[in-house]
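Good morning, colleagues. Please take a moment to look at the sequence and the model before I go through the main points.

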Amino acid sequence: MAQTSSTIERDARLLHADGHGAVNPGEIAIGVIIGRTSEFFDFFVYAIASVLVFPKLVFPYLDPLTGTLYSFAIFSLAFIARPIGTMIFTAIDRSQGKGAKLTIALFLLGVATVAIAFLPGHESIGVASAWLLAAARIGQGISWGGTWDGLASLLALNAPEGKKGWYAMIPQLGAPIGLLVASALFAFFVDTLSADDFLDWGWRYPFFVAFAINVVALFARLRMVVTPGYTELFEARELEPSSITETIAQQGRTVVIGAFAPLASFALFHMVTVFPLSWVFLFTREAPGRFLIVECIGAVFGIIAMVVSGYVADKVGRRTLLTGSAIAIAVFSGFAPQMLDGGIVGELAFMVTGFILLGLSLGQSSGSVASSFSKRFRYTGSALTTDLAWLFGAGFAPFVALVMSSRFGLSSSGVYLLSGAVVTLLAISINRQFASRDASAIQP
């Protein structure tokens, strides 16, 4: 069925049809970074609040550990809802166009985010506070499923030869940048406000900032989506959204392998961001503001390592780098808990080392298997792979790691990280075997 577009999208295309519609990888990269940074900023604003705010605001009748676990349970709802959002918004994409899909998705994301900013506490409305938080979190997850704009795939398709690893890294920069901004913002409010003022109104401001960033990101991404160069690729079926059922039927194997290949990266992702904050906040006397600054320092090293991953991947190959980083993460899992439990020096060493490994692995995690999709299914297949990778690799990581550490000691969190590295190595190995078989099958 021919792809149709909304009136707004067609008008926007005419507005940008001024002779400058050629696909420019540099411009696409900027749009991708802005979009991903806004998504990850939303993600980390909620993640930090799930440790510092919601256990006290929404679950004050529970002990701090149990309240945090409840908060992490609600945290996971967005990852469960995200694939549902992808199915809903893929249908909108196919019938109304990407401009309509992005506008609706980001509007929903903004509404859900602002709703959290106005969330009443348990003292005001009782258990309804938890239900409202869960509803807003599900709304965020559904909208994230619709924010897939295909720009990362477009960037990969237009990357210069010999620069595939470099351009595969660019979309991932949004993760450490989003963490850096969110952690710095929360650190400012935690350190400058009294505990009562922060819990009363200070924590709400980052959610308003998230809404503002979403508005900026919407216009930046719409500008890219409606350019004639993008439209030409879309109409050539290189980035046409295929149906979910057809994609799974034709590319299900690649979707599954792609979901598990970055498991080490995604497990490490939460082990150096959300989980350590919860551990420090619950089981040490360290001020959360200081640890948030430590996370900012780690994020800077993550950005540097991610940039380096682009150069290294173009020299040795993305799969080789992902394999090597998974092995390094497995080694790191053996002494990471001891570092985190080693005071400020150990925490800093843990964060810097962890973020360097995260930058090297996460920087190439999306490109190693996504290139295996045929062009017809790359758009929808990449969206599904991303959804499932986050669900299996990150959605329950803070909850599982905190449960294991609180019951069996901090060292048990290393076992969780090790399991992610093992799964990544298995997925890469299986993908390589299938690729070899497929290559042999087409030989004359």
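**Salt bridges, buried contacts and a surface patch**

I begin with Arg290, which forms a salt bridge with Glu286, their closest N and O atoms being 3.3 Å apart. By salt bridge I mean a side-chain nitrogen of Lys or Arg within 4 Å of a carboxyl oxygen of Asp or Glu. In general, side chains of opposite charge can pair when their charged atoms come close. Arg290 is partly exposed, with a relative accessible area of 44%, whereas Glu286 is buried at 11%. Here buried means under 20% relative accessible area, exposed over 50%, and partly exposed in between, with a 1.4 Å probe and protein chains only. Salt bridges that share partners also join Asp93, Lys98 and Lys101 into one network.

A word on the source: this is a predicted model, in which local features need pLDDT of at least 70 and side-chain atom pairs count only at pLDDT 80 or more, while totals for chains, interfaces and linings use all residues. Residues are numbered from 1 along each chain as its sequence is written, and side-chain values use heavy atoms, with hydrogens and water left out.

Which residues does Asp93 meet in salt bridges? One partner is Lys98, at 4.0 Å from N to O; another is Lys101, at 3.6 Å. Asp93 counts as buried because its relative accessibility is 0%. Lys98 is buried as well, and Lys101 is buried with a relative accessible area of 3%. The count of salt bridges by this rule comes to four.

I turn now to the chain as a whole. The protein chain has 23 helices and zero strands; these are DSSP runs numbered from the N terminus, helices being H or I with at least four residues and strands E with at least two. Of its 444 residues, 57% count as buried. Among contacts with a separation of 6 or more, 85% are between residues 24 or more positions apart, a contact meaning heavy atoms within 4.5 Å. The accessible surface comes to about 17500 Å², and 68% of that belongs to carbon and sulfur atoms. Accessible areas come from the Shrake-Rupley method with a 1.4 Å probe, and for residues only the protein chains shown count as cover.

Ala187, in helix 10 (residues 174-192), counts as buried because its relative accessibility is 3%. Beyond four places in sequence, Ala187 touches Gly289, Leu292 and Ile293. Ala187 and Gly289 are 102 residues apart in sequence, yet their C-alpha atoms are 4.6 Å apart.

Thr380 belongs to helix 21 (residues 375-395) and is buried, with a relative accessible area of 2%. Leaving out residues up to four places away in sequence, Thr380 touches Thr90, Pro241, Ser242, Ile244 and Thr247.

Finally, the surface. Ile293, Ile297, Val300, Phe301, Ile304, Val308, Leu348 and Ile356 form a nonpolar patch with about 590 Å² of accessible area together. The elements giving two or more residues to this patch are helix 17 (288-316) and helix 19 (343-365). Patches are made of residues with over 30% relative accessible area and no salt bridge; like charges are joined within 9 Å, and nonpolar side chains (Val, Leu, Ile, Met, Phe, Trp, Tyr) within 5 Å. Helix 17 gives the most, with six residues. Leu348 lies in helix 19 and is partly exposed, with a relative accessible area of 34%.
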